[in-house]
Each structure stands twice: as C-alpha cells, then as structure tokens.
Amino acid sequence: MPVPKILPSRRPKTKGDSWLLPGFRSHQPARMLTAGCGYLLMLFSPFSMDAKSDSAADSFLLRLSFFMVLFLIVLFACNYRNIKSMCLFHSSKSKFTRACGIIISYLLVATVLTTALAALSVAVSSFGH
C-alpha cells in the first residue's frame with residue numbers, strides 16, 4: 001500500500017522568488033559589495049541631512065520617508081519579487097505604456113507611504129501638545 005503524501009510538492013522556483021535584496025541574489029561578491037555600499041549610503045544619507053521639524057519624532061519620520069522613497073526606487077528598478085507584474089499596464093505590448101505604468105505605480109506607492117507617515121507624524125505630535 002503506497003504511503004500518501006502529506007506535504008504538497010514544492011513549486012519550482014522562478015526568477016522573482018528570492019527574498020534576498022537586489023545585489024545579493026546572484027551571490028557574486030562584487031555585486032554584493034556594491035549593493036551593500038549602496039544600501040549603506042541610502043541608509044545613512046537621510047539620517048545625515050538636516051531635517052527642519054519641531055520634534056525628534058517628526059525628524060525621524062521625515063528621514064524614514066526619504067529612505068523609503070529611495071529604497072522603493074531600487075525595488076522597482078530591480079524588479080524585486082517581480083513587482084513589475086503588479087504595476088499598471090504591465091501586460092501592454094508597448095514599452096512606453098509599460099514604463100509609464102511603472103512610473104505611475106511607483107509614484108502611487110511612494111505617495112501612499114509618505115502620506116501614511118505624515119498622518120503618523122500628525123498623530124504623534126498631537127499627543128505631545
């Protein structure tokens with residue numbers, strides 16, 4: 001009597017399946033070093049800028065939003081986790097239309113994240129007064 005399979009078979013991995021950040025997916029040392037330096041630059045540049053705000057929480061949220069906008073550019077440009085397949089007009093035959101869809105999708109995501117952080121900033125500052 002054959003033993004029934006309890007666990008489902010794993011689906012084959014495709015190109016966008018890796019959870020590793022762009023630059024680390026190929027496991028090539030030169031790319032990993034370059035990506036690591038780029039991510040450190042992206043991480044430290046928002047926190048080294050002079051943020052004009054009244055509270056430390058507002059400054060932190062402003063810097064966090066700047067970092068997230070920079071990081072989103074990397075995710076969209078490197079098609080992290082096949083993100084381009086979720087963009088507007090991704091199935092269009094025209095490259096120009098697909099590019100416009102990617103730019104519009106990026107701007108929408110960046111706007112939503114920045115707006116959410118701005119709302120959080122208002123909520124945090126209202127507790128202080």
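Tutor: A nonpolar core is a set of buried Ala, Val, Leu, Ile, Met, Phe, Trp, Tyr and Cys residues joined through side-chain atoms within 4.5 Å. Buried means under 20% relative accessible area, exposed means over 50%, and partly exposed is in between (1.4 Å probe, protein chains only). This is a predicted model, in which local features need pLDDT of at least 70 and side-chain atom pairs count only at pLDDT 80 or more, while totals for chains, interfaces and linings use all residues. Residues are numbered from 1 along each chain as its sequence is written, and side-chain values use heavy atoms, with hydrogens and water left out.

The protein has three helices and zero strands, and its elements run α-α-α from the N terminus on. Helices (H or I, at least four residues) and strands (E, at least two) are DSSP runs, numbered from the N terminus. Of the 129 residues, 22% count as buried.

In soluble globular proteins, nonpolar side chains tend to be buried together. Here the largest nonpolar core has 14 residues, and those with the most contacts inside it are Tyr39, Met42, Phe71, Leu72, Leu75, Phe76 and Tyr106. At least two core residues come from each of α1 (29-48), α2 (56-77) and α3 (95-128). The most comes from α2, which gives six residues.

Take Tyr39 next. Leaving aside residues up to four places away in sequence, Tyr39 touches Leu21, Pro22, Phe24, Phe71 and Val74, where contact means heavy atoms within 4.5 Å. Tyr39 also belongs to one aromatic cluster with Phe24, Phe67 and Phe71.

The rings deserve a rule of their own. Rings of Phe, Tyr and Trp (its six-membered ring) pair if their centres lie within 6.5 Å; planes under 30 degrees apart count as stacked, over 60 as edge-to-face and the rest as tilted. The count by this rule is five aromatic pairs. One of them is edge-to-face, because the rings of Phe76 and Tyr106 have their planes at 80°, with centres 5.7 Å apart. This pair links distant parts of the chain, since Phe76 is in helix α2 and Tyr106 in helix α3, 30 residues apart. Phe76 is buried, at 6% relative accessible area, and Tyr106 is buried too, at 14%.

The charged end of Arg81 sits over the ring of Trp19, 3.9 Å from the ring centre. A charge sits over a ring if NZ of Lys or CZ of Arg is within 6 Å of the ring centre and within 35 degrees of the ring normal.

Then there are the cysteines. Cys87 is buried, with a relative accessible area of 5%, whereas Cys78 is partly exposed at 35%. The structure holds zero disulfides, a disulfide being a pair of cysteine sulfur atoms within 2.5 Å.

Most residues other than glycine have a negative phi. Asn82, although not a glycine, has a positive phi of about 60°, and the phi of Phe89 is positive as well, near 60°. Asn82 is partly exposed, with a relative accessible area of 37%, and Phe89 is partly exposed at 46%.
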